[in-house]
Amino acid sequence: MELLERARIEWFAVAMGLVVGTSMVFVPYEFGSVLFQYIYPHIRLLGSLFLVGAALMLVARMYPAWPAFVGWVGRAFVLAAVAVYWWAVCVLPVSLTGTVVYLFLMALLVMEPRTLRRGRGLLPVFLSCVALCFGPLMLWAPQDFVRFALASLGPYLRWVGFLFLLKGTLLAVGLWRRKPVQCRLALGGLALLFLHMTLAVVSRRSWSGMSVYAVLTVVCALLAGVRRWPVLAGVRWRLFRGMALASVLPIMGVGAMASYLAQKALEAELHDKARQAVAAETAWLAQTAAMASSMLRVYSQGPGFVALVRAGNREGMRERLALLEGQSGLFDAAWLLDDTGDTLMPSVRLNWVSGNFAYRAYFHDAMRGGAQVLLSRPFLSHANLPFVVVTVPMDLGAGRRAFLVGALSLKRMELQPALASPGYHVELFDRRDGTLLRETDRGDVLTRAPVLDLIGAEALARPEGLVEAFDGTGRRMVVAHAQVEGTPWTVVVTAGLREAFAPVTRMGGWVVAIALLAGAVSLLLSQWVGRDVAVRLESLRDGFAVLGTPSVEQRVQARGDDEIAQLTAGFNEMAARIDRTQKELREAIAIRDQFLSMASHELRTPLTPLKATLELLIRQLSSGREASPERQRDTIARLNRQVDRLTRLIGDMLDVSRLQSGRFTLTVAPMDLVALAREVVERIQVTRPERQGLLSLEVPDAPLVGRWDEQRLDQLLTNLVENALRYSPPGTPVAVRVREEDGQVRVDVEDRGIGIPAESLSQLFTPFFRARNAAEHYAGGLGLGLAICREIVERHGGRIEARSEGPGQGTCFTVWLPRSAVAEAA
C-alpha cells in the first residue's frame, strides 16, 4: 500500500508532457482538425512548452541535488501548457473527456506538493477521480463521447461507462480502507479500459487522445503490477540517467529543429505549388476562352460567312459550321440563331436539334450585349449535356442580326488532365451564381461549388489569394484561388495539410524512433557498463568493510587499466600499508606490555633492598644500638648502588621520552675520545671488582680530539660496555678498541657472551625490544640502552651496528663517528 500512496501525479504529468509535446513538435499537422483550431497557429510553441516543462520536472526528479526551482519552473510550464490546452481544446469545443482529465490534472498537480510533505502522492486519487467522472458522463451523455473520436465504442459506450464507474468506486474504497489487493484489481481493470479507449482513438487518428490514454494505460498497468519501485541510487543509476539525457535530448532537439525547418520548407513549397497549379489552370482556361472568343469573332466578321448568312445559303452555312465544330478542335457544337431566337442552322453534333432558343439566358445576354463576345452561364442541353457557350452577334445589314453560338462541353473539359499535382483538388466555378464547371475528384457539374460552403464566396472575391480552411471532415487544408482573366470563372486548388505533410510526419516519426532507439541502446550500454563498474566498486566496498580485520584477505582483484583499476591498486597498497602498520602496532603494544612488566620489575628490584635496608636502620636507631663504622659504610654503599640503579633506569626512560618528543639534543665541545674511553673503563672496573683483568682497552697513543658531546659519548660507551658485561658469563673477557679507520673514528665493544639470534639483529636498536635469548638470560634492563646508543651516534652523524654469529657466539658492537668533526676540532 505504501507503494501506491507514494505514486506521484507528476509522473503522469511528465510522461504526458513528453508524449504530447513530442507529437506537437514533430507532427504538428496531425493537430489540424477543427478541434484544435484555436491552438493550431501556435501548436509548436505549445508543444515546446510541454516538452521543456516535462524535461525540467524529469531532470529535477533524476537529480535531487539540483536547486528546487528547476522542478518548480518545470511544473509551472506544464501547468501553463495544460491550462491552455484544456481551455482551447476541451472547454471551447465542449470535449467532456478532456475537460475532466486535464481539470483534475491541474488541480491535483497544484495540491500535490503539500501532500508530499507527508510522503503521499496523488496519482491513485487522480485515476480514481477520472474513472468516477468518466463513468457517469458515458452513461448520461454517450453521444458526446461518440462525437469526439470514440465512435467505435458507440454500441458499448454505456457498458464502458458502467465499468469505469465500478472500477473507480473500487479504487476509491480501496484507497480509503488501505486495501492494496483491492486497489490493484481496480487499477488492472482501468488499464484494460484505457487501452480500449486508446485503440478507439487510434482508429480516428487522434494523436492527443491516443497519447493521453496510452499514458493512462501504462500508468495503471505499472501501479497494478509493480510490487517494489527500483532504488534510484548508485553508479548504475548515475550512468543510466546521464546516458539517457546525453543520448535522447540532443537527438530530440536536433530532430525537432530539423523537423521544424523541413516543415517550413515544405509549407512554402506547398503554397508555391498551389499558386503554380492555380496559375497553370487559370492560364489554360483563359487561353481557351480567349481562343474561343477570337475564333467566333473572326467567323462572325468574315465577309463570306456574313454573305452566306444574309443570303440564307444553308449549304454554305453548314460547311462553315462543320469547320468550326470539327477542324478547330475547340468547340463541341456550333449553331446560328436569328434575331428572334429561331434556329438558322442547327449543329451537326447536336443531331440537328432546332427550334426557338429565345428563352436561353445566353440569347437574352447577347441581345443586350451589343457587339461584344459573351460567355454564358453553364446549362443543360436538350440531351441533358452540360455546356457553356460563347455567343457573338453578326450584323447582316438592313437592321438584321444573327447570333453565332459556339458550345464548350463541360464533360469534355473534365476529361482534360489537371495541371496540378495528383494530390491537389481542382474546382472551377462561375462567380455569378457559384455553379460548378469542373472538379477533378467527383466530376460533378452544374451544382454549387463545394469550396463555397467551406470558406464562402467573400474569401474568394479577390483576384487571387491563399487561405487555410477546414474540409468537410474537419481537417485543415490550404486553398489557393485565382480568377480567370476575361471570364466570370474562378479556379480553386485545395490540398490537405495532413496528406501534403505526410513526408515530414514520417520524418518526424523516424526521428522520434531513432531517438528512442538511441536512448534504449544507451540505457542498455549504461547498464552493461554500470554493472561492470558496480561489481568492481562493490568488491572495493567489501574490501573496505573488512579493512583492518586480522586474518582476513583484503586484496581486491584489479581488472583492466582504467581509473577503477588504479583505485583498486591504490586500495591494495593502502591495505598492505595498513596491515604493516597494524602489525607494527601490535608489536609495539606487545613491546609496551613487555616494557611495563619489565619496568615494574626493574623498579621494584632496587626499591625492595632500599626499603629493607632503611627499615633495618630505623630499627637499629629505635633500639639504641649503633653499628660499627665498617657496617655503616657497607649499608650506605648498598643504598648508593640501588639509588644509582634507579637513577639509570629513570635516566633511560627520560632519554626515550626525549627521543620520542624530539627534545634529545647534543652539547658539543672539543674533547679527547681516548681519555674518555680510559675513564669509562676505569670507572666500570672500580664498580665491578669481580671483572678485574677481564675488561681490556686498546687505544692509540695519540689523543683523538673532536667536537662531540662528552656526556652523551660517556653514556654510549658505558651502555655498550655494561651490556657486554651483563650478557657475558663470569670469567669471559670484554674488549674495547678505539682507533682511526678510513677517515673516521671507530669504536668496537666485543664480548664472548650469549650472542644475538640472526632474526633479532634488525630490531636490536628498537626501543623496548629485547632479543629472545636476552629475555631468557635475565640480566635486567628495559631494552632502552641500545636505542639510546643509536640515537646518540646518529645525532653525531655516525652509525652503529651489531654483529653476532648467533646464540652463544658473542657480539661485537661497532660505532663510526665522522672524521669531519675531528678535523673541525683540530
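**Exercise 1: Overall picture**

Among contacts between residues at least 6 apart in sequence, 64% join residues at least 24 apart, a contact being heavy atoms within 4.5 Å. This is a predicted model, in which local features need pLDDT of at least 70, side-chain atom pairs count only at pLDDT 80 or more, and totals for chains, interfaces and linings use all residues. Residues are numbered from 1 along each chain as its sequence is written, and side-chain values use heavy atoms, with hydrogens and water left out.

Task: State how many helices and strands the protein has, and what share of its residues is buried.

Solution. Step 1: the protein contains 25 helices and 18 strands; these are DSSP runs, with helices (H or I) of at least four residues and strands (E) of at least two, numbered from the N terminus. Step 2: of the 826 residues, 46% are buried, a term for under 20% relative accessible area, with exposed meaning over 50% and partly exposed lying in between (1.4 Å probe, protein chains only).

**Exercise 2: A serine and a cysteine**

Task: Determine whether S128 is buried or exposed, and which residues it touches.

Solution. Step 1: S128 lies in helix α6, residues 123-140. Step 2: S128 counts as buried because its relative accessibility is 4%. Step 3: leaving aside residues up to four places away in sequence, S128 touches G168, L171 and A172.

Task: Find the number of disulfides in the structure.

Solution. Step 1: a disulfide is a pair of cysteine sulfur atoms within 2.5 Å, and the structure holds 0 of them. Step 2: for C129, the nearest cysteine sulfur is that of C133, 6.7 Å away. Step 3: C129 is partly exposed, at a relative accessible area of 22%, while C812 is buried at 5%.
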